[in-house]
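Please consult the sequence and structure shown below while reading.

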Amino acid sequence: MATPTAYLPSAGSPEWLNKGDNSWQMIAATLVGLQSMPGLVILYASIVKKKWAVNSAFMALYAFAAVLICWVLVGYRMAFGDKLLPFWGKGAPSLGQKFLIQRAKVPETTHYYKNGTIENKAEEPFFPMASLVYFQFTFAAITVILLAGSVLGRMNIKAWMAFVPLWLIFSYTVGAFSLWGGGFLYQWGVIDYSGGYVIHLSSGIAGFTAAYWVGPRLKSDRERFPPNNVLLMLAGAGLLWMGWSGFNGGAPYASNLVSSIAVLNTNICAATSLLVWTCLDVAFFGKPSVIGAVQGMMTGLVCITPGAGIVQSWAAIVMGILSGSIPWVSMMILHKKSSFLQKVDDTFGVFHTHAVAGLLGGLLTGLLAEPALCRLQLPVTNSRGAFYGGNGAMQFLKQLVAAFFVIGWNLVSTTIILLFIQLFIPLRMSDEQLEIGDDAVHGEEAYALWGDGEKYDPTRHGSLTTGHSSSPYVNGARGLTMNL
């Protein structure tokens with residue numbers, strides 16, 4: 001039987017193209033994209049107080065779009081292009097067809113022995129550059145959107161619009177190049193399988209720093225900030241969980257053995273962490289919390305990320321137990337005892353769920369990285385966690401030093417960016433806007449519901465009856481509801 005034309009080498013299907021890897025990479029990228037749009041858009045819109053639902057959703061929506069344009073204009077090649085500095089690539093557009101249809105390559109990821117000979121060649125996946133550009137965009141986008149969770153409910157939307165591209169260019173690309181794109185931490189052998197440091201530690205530290213500089217919400221909002229729709233919040237959380245299979249499964253740039261291990265470990269750790277967090281809630285507060293369960297899910301997903309494809313599945317359970325307990329302690333106990341942590345209004349505790357869990361995952365990877373799995377994925381031969389002896393203790397030290405670099409860079413860069421923006425735009429909304437919420441900021445409200453104390457104005461909205469009754473229970477939606 002003749003081979004179908006679609007599978008023959010041609011200009012549109014070169015010999016180096018592996019259709020299976022390319023298909024998985026685009027699917028993985030779409031799964032990660034769904035975590036942000038609509039996953040975090042829905043999660044943020046539903047977990048906040050009703051008056052901030054539109055604003056919170058819009059902050060995530062805007063960031064997703066703005067990051068994509070900045071990414072293809074300059075960001076991708078600052079993170080994965082030719083080296084400019086040991087921690088930064090040369091910025092350039094990723095828009096031309098000659099660049100996008102060539103075989104994907106991360107040029108600076110060639111790894112050398114100390115004597116200068118090549119240990120591992122540069123990463124060259126079997127799919128086009130366009131797939132890699134889009135896949136890495138979804139990681140950049142979710143990082144910025146996670147950061148937004150620290151400043152919801154009070155950051156000036158215009159300041160946020162200016163902050164997103166500046167932070168992407170001057171903070172995110174540095175971490176991505178240093179750890180993934182062939183920068184100095186990559187060359188040193190630091191392990192960050194899929195973003196425990198690049199994404200979660202950076203977003204947690206940057207978010208906490210931004211919360212400090214933007215300032216707190218109104219006192220009434222800090223004291224009472226109930227979610228407006230818990231069930232919809234679970235829908236957003238579910239998209240986040242399921243999308244994580246693309247997050248960690250797409251990191252090897254191939255649908256290979258490591259990808260399969262990573263997807264399984266991701267779900268094991270998330271489930272374990274959720275159960276541990278819930279058990280702690282029951283033990284200390286007497287009842288399980290749905291919001292607590294979502295937090296536990298999140299910390300498990302974050303913790304496994306830096307080592308998802310290079311730790312054994314029993315280690316994923318260990319990481320889940322620790323990610324469900326240590327961030328719980330930091331959020332529920334240490335936070336309440338620290339005057340500094342209480343002073344900084346981190347709306348959704350991104351510091352605990354991402355910075356603490358991301359740091360924990362990176363350090364645990366330095367302990368539990370399995371040598372045989374490391375050989376399948378990492379550019380440095382004989383990589384292993386400290387648990388497996390050999391040079392594992394040095395690996396743990398590398399993980400610790402890399403964490404300090406990511407923390408320091410994000411703290412300083414986020415501070416400089418926000419202080420620069422503050423020269424032109426107030427970082428925090430006015431108290432009047434904070435009192436009103438979405439209607440003051442966007443002229444829109446999330447729910448067209450009556451009965452929250454508002455009175456129906458027939459001169460503004462029209463009347464639903466032809467009569468002229470003066471009863472407040474006759475005209476309008478509220479009257480109809482009361483009659484029913």
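Predicted model: local features only at pLDDT ≥ 70, side-chain atom pairs only at ≥ 80, totals over all residues.

Residues are numbered from 1 along each chain as its sequence is written, and side-chain values use heavy atoms, with hydrogens and water left out.

**Salt bridges**

Seven salt bridges are found in a search of the whole structure, a salt bridge being a side-chain nitrogen of Lys or Arg within 4 Å of a carboxyl oxygen of Asp or Glu. Among them are the following pairs.

| Pair | N to O distance |
|---|---|
| Lys49 and Asp221 | 2.8 Å |
| Asp345 and Arg217 | 2.8 Å |
| Glu223 and Lys219 | 3.9 Å |

Lys49 and Asp221 form a salt bridge that links distant parts of the chain, 172 residues apart: Lys49 is in the loop between α1 (19-47) and α2 (53-80), and Asp221 is in helix α8 (residues 219-223). Helices are DSSP runs (H or I, at least four residues), numbered from the N terminus. Lys49 is partly exposed at 21% relative accessible area, whereas Asp221 is buried at 1%; buried means under 20%, exposed over 50%, and partly exposed in between (1.4 Å probe, protein chains only).

Asp345 and Arg217 also meet in a salt bridge. Asp345 lies in the loop between α13 (339-343) and α14 (350-368), and Arg217 in the loop between α7 (196-214) and α8, so the pair ties together parts 128 residues apart in sequence. Both Asp345 and Arg217 are buried. These two residues belong to a network of salt bridges that links Arg154, Arg217, Arg222 and Asp345.

Glu223 and Lys219, by contrast, are both exposed. They are four residues apart in helix α8, a separation of about one helical turn.

**Packing of α5 and α16**

Two packed helices are described by the angle between their axes and the distance between the axes. For α5 (residues 157-179) and α16 (residues 392-422), the angle is about 155 degrees and the axes are 10 Å apart. Axes are lines fitted to C-alpha atoms, for helices over the stretch in contact, and angles run from 0 to 180 degrees between N-to-C directions. The two helices are therefore roughly antiparallel (over 145 degrees).

The contact (heavy atoms within 4.5 Å) involves residues including Phe163, Trp167 and Phe170 of α5 and Phe405, Trp409 and Phe420 of α16.

Methods
Parallel < 35°, antiparallel > 145°, perpendicular 65-115°, else oblique.
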